[in-house]
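This report describes how two chains are built and how they meet. Please keep the sequence and the structure at hand while reading.

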Amino acid sequence: MILAVLLLLICQLIGEVIARMLGLPLPGPVLGLALLLILFIVHKPIFARVQPTAQGLLQHLSLLFVPAGVGIVGHVDRLGTEGFGILMALILSTLLAIAIGALVFAGVSKLCGDTEENLEKGANNE
Amino acid sequence: MSDFLEIWSYLAENQLLWLSGTLAAYVLADKLFRTAGRTPYLNPVLISVLILACLLWLTDTSFPVYFEGAQFIHFMLGPATVALAVPLFINFARVRKSLLPILAALFAGSLTAIISAVGIAWALGISGESLLSLAPKSATAPVAMGISDSIGGSPTLTAVLVLLTGVIGAVAATPLLNLLRIKDWRARGFATGVAAHGIGTARAFQVNDTAGAFAAVGMGLNALLTALLVPLLIALML
């Protein structure tokens, strides 16, 4: 487990260093993600090592957003005056992005003649 | 009473208090979420934030003091982003098979999220720092905060907007996609991950494993694309 954590941190570290060295607009952790993916593809045993720790971490992904979210206390004034506009923009653009993204995915997938094995059991049982 | 005050002033200076507080709020929120049958309206992130915001207000604690303790949890966002390589790798073959729909939906979803957010807010009279802080809101928090900073927005405001976006996406995705009659779990998950990052992805995993994996792919790819598109679009739009 410690080895897996170390590997995650090292990938992130290398990602941060590359992003800064090359002046890339990409965040270090995203480059770290790409790096780890390449490691998995090149040397599959690494995957088995990292998998349990990574999945444990991802299971509680929601928790990790809480501290940044509490930052809302510093913006109460702004949200009072601009809250309506900001909230409308957030709601509408998020709905639009989900709808358009999903429709484009389904549409292009159909165009490609993609016989979908993922239609299992229908999506309405949630 | 003076004993209590003494203990409190010790705790208030200590990182342990708000680290425990954050975990406790989350455990409570998660419990509430589960007992309510996992209804997305009781999103555990949103409930935890509300509990903690009330506690900070009641105890007259400033955000920087809170963050001293909570930063240990916040720190894990980086390694967790790297850990997304695991669901990506598990689904690598399927992702490669769906490469065309993925790329098309990625561009469509990412552009829609950025342009419509900035456009709608601008039409409703939002300007300046708030408008800039909105642009990267569909990307995952650490990425969006970095982008916001580099284009002249407020990173902490962006963090809040990212969180709200995630909660909106998590709440709306299932009813919206049912309404649109989209049954392909890949399409449902991917679009949710692109539009609503980690919180949407966490939601997608609750609904279906395939949806979750494709949401993780969407979130990862959109982090990359948003970082590239936002500076470009902001230069064009403003």
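## Basis and domains

Domain bounds, as used below, come from an automatic or database domain assignment. The model is predicted, and local features need pLDDT of at least 70, side-chain atom pairs count only at pLDDT 80 or more, while totals for chains, interfaces and linings use all residues. Residues are numbered from 1 along each chain as its sequence is written, and chains are lettered from A and ligands numbered from 1 in the order in which they are written.

The assignment for chain B gives domain 1 (2-75) and domain 2 (82-237), and the C-alpha centres of these two domains of chain B lie 27 Å apart. Their contact draws seven residues from domain 1 of chain B and nine residues from domain 2 of chain B, where two residues are in contact if their C-beta atoms, placed from the backbone, lie within 7 Å. Chain A is divided into domain 1 (1-64) and domain 2 (76-116), with C-alpha centres 28 Å apart.

## Chain A

Chain A has five helices and zero strands; helices (H or I, at least four residues) and strands (E, at least two) are DSSP runs, numbered from the N terminus. Of the 126 residues in chain A, 43% are buried. A residue is called buried if 20 or more other C-beta atoms lie within 10 Å of its own, exposed if 12 or fewer, and partly exposed in between, with C-beta atoms placed from the backbone.

Among contacts in chain A between residues at least 6 apart in sequence, those that join residues at least 24 apart make up 30%.

Between the chains, 96 residues of chain B are in contact with 70 residues of chain A. Helix α11 (residues 155-179) of chain B gives the most to the side of chain B that touches chain A, namely 17 residues. That side of chain B has 66 nonpolar, 25 polar and five charged residues, where Ala, Val, Leu, Ile, Met, Phe, Trp, Tyr, Cys and Pro count as nonpolar, Asp, Glu, Lys and Arg as charged, and the others, Gly among them, as polar.

Within chain B, helix α3 (residues 44-58) and α11(B) pack at an angle of about 135°, with their axes 9 Å apart. Axes are lines fitted to C-alpha atoms, for helices over the stretch in contact, and angles run from 0 to 180 degrees between N-to-C directions. The two helices α3(B) and α11(B) are therefore oblique to each other, since angles under 35 degrees count as roughly parallel, over 145 as roughly antiparallel, 65 to 115 as roughly perpendicular and the rest as oblique. B:V45, B:L46 and B:V49 of α3(B) meet B:L163, B:G166 and B:V167 of α11(B) in this contact.

## Selected residues of chain B

B:F214 lies in helix α13 (residues 209-237) of chain B and is buried, with 35 other C-beta atoms within 10 Å. Leaving aside neighbours within four places in sequence, B:F214 is in contact with B:R186, B:G189, B:F190 and B:G193.

Most residues other than glycine have a negative phi. B:D60, in the loop between α3 and α4 (63-75) of chain B, has a positive phi near 55° and is exposed, with 8 other C-beta atoms within 10 Å. B:H197, in helix α12 (residues 185-207) of chain B, has a positive phi near 35°, but B:H197 is buried, with 32 other C-beta atoms within 10 Å.
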